[in-house]
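The walk below starts with aromatic side chains and then moves to a helix and a chain end.

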Amino acid sequence: MTPEQYVQQKAAASGSSFYYAFLFLPRERRAAITAFYAFCREVDDVVDEVSDPGVAATKLAWWQGEVAQAFAGQPTHPVMQALMPHAALHGIEAQHLQAVIEGCRMDLEQTRYLDFAGLARYCHLVAGVVGEVAARIFGQTDARTTEYAHKLGLAFQLTNIIRDVGEDAMRGRIYLPISELQQFDVRAHEITKREYSERFTALMRFQAERAHRLYDEAIALLQTLPKADRRAQKPGLMMASIYRTLLREIEADGFQVLHQRTSLTPLRKFWLAWKVQALGIL
């Protein structure tokens with residue numbers, strides 16, 4: 001299997017909403033974003049699939065070394081071998097990849113966040129930086145596009161947090177800020193025991209409203225950018241359409257996220273992405 005085949009398989013197997021936005025990109029940009037996304041999946045899987053924190057930390061340390069080695073011209077992992085030919089062309093730097101690894105390391109060291117400011121720092125590393133790199137690969141020309149990409153990445157991550165509340169709690173992680181749990185009088189043990197209440201629903205509605213504001217702010221910011229950037233960033237809008245539809249499904253279902261993981265079918269994701277590509281409809 002070639003490095004390119006490896007990353008393609010890694011991206012397709014994930015079933016992620018991101019994959020459907022990649023399908024409409026020109027060949028070189030599609031290859032670059034697929035390799036970058038495969039890197040993100042590799043390091044994220046270390047945290048999700050390795051039960052021993054010590055082993056996971058060792059694996060992440062290996063990835064830190066591999067990134068440094070790859071940017072020194074000697075990649076050994078197929079993901080880095082596939083990604084490095086695109087790095088210079090799209091302004092992908094070692095610090096971007098190291099930030100993503102650092103965000104994953106936070107999952108090994110921190111399972112709760114006192115307030116939203118603390119959570120936002122985590123989201124910056126695991127989603128904002130990912131959005132920044134993706135925007136560069138898609139064809140960013142204006143520096144302000146980075147702010148749009150970070151804002152949209154935060155909206156995506158908050159949507160993921162809402163969707164995965166129950167699943168994350170089973171892994172011992174609650175990303176909902178402690179200050180906001182207290183604000184709505186929701187106890188951590190109620191989440192781990194999958195106990196629904198009007199208080200929990202109000203808390204989740206608060207989370208969803210913040211995510212919606214970020215989607216609106218990101219899209220409004222994009223509209224102020226040059227036409228070249230608005231056109232180039234269309235894959236981000238495809239992902240926004242898919243993620244926001246998912247968020248609305250969760251809302252319509254009354255935030256039943258403690259015992260199930262809401263998802264959209266592959267056909268629906270493709271349809272939502274195609275509508276943005278062909279009709280410009282979010």
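Rings of Phe, Tyr and Trp, the last taken by its six-membered ring, count as a pair if their centres lie within 6.5 Å. In this predicted model, ring pairs link F39, W62 and W63 into a cluster. A search of the whole structure finds 13 aromatic pairs.

A pair of aromatic rings is described by the distance of the centres and the angle of the planes. Start with F156 and Y215. F156 belongs to helix α8, residues 145-163, while Y215 belongs to helix α12, residues 198-223. The pair therefore ties together parts that are 59 residues apart in sequence. Both F156 and Y215 are buried.

Now turn to W271 and W274. This pair is stacked, with 5.4 Å centre to centre and 15 degrees between the planes. Why are W271 and W274 separated by about one helical turn? They are 3 residues apart in helix α15, which covers residues 266-279. An α-helix has 3.6 residues a turn, so residues three or four places apart point the same way. How accessible are the two rings' residues? W271 has a relative accessible area of 44% and is partly exposed. W274, at 32%, is also partly exposed. The class applies because both values fall between the cut-offs of 20% for buried and 50% for exposed.

R210 lies over the face of F116, at 3.9 Å from the ring centre.

After α7 comes G139, with a positive phi near 120 degrees.

Finish at the chain end. M1 sits in the segment before α1, which runs over 3-14. Is M1 buried or exposed? Its relative accessibility is 65%, so M1 counts as exposed. Leaving aside residues up to four places away in sequence, M1 touches Y6 and Q9. A220 is 219 residues from M1 in sequence. In space, the C-alpha atoms of M1 and A220 are 43 Å apart.

Conventions:
Residues numbered from 1 in each chain as written. Predicted model: local features only at pLDDT ≥ 70, side-chain atom pairs only at ≥ 80, totals over all residues. Heavy atoms only, no water. Phe/Tyr/Trp six-rings, centres within 6.5 Å; stacked < 30°, edge-to-face > 60°. Helix = DSSP H or I, 4+ residues; strand = E, 2+ residues; numbered from the N terminus. Buried < 20%, exposed > 50% of the residue type's maximum accessible area, 1.4 Å probe, protein only. Lys NZ or Arg CZ within 6 Å of the ring centre and 35° of its normal. Contact = heavy atoms within 4.5 Å.
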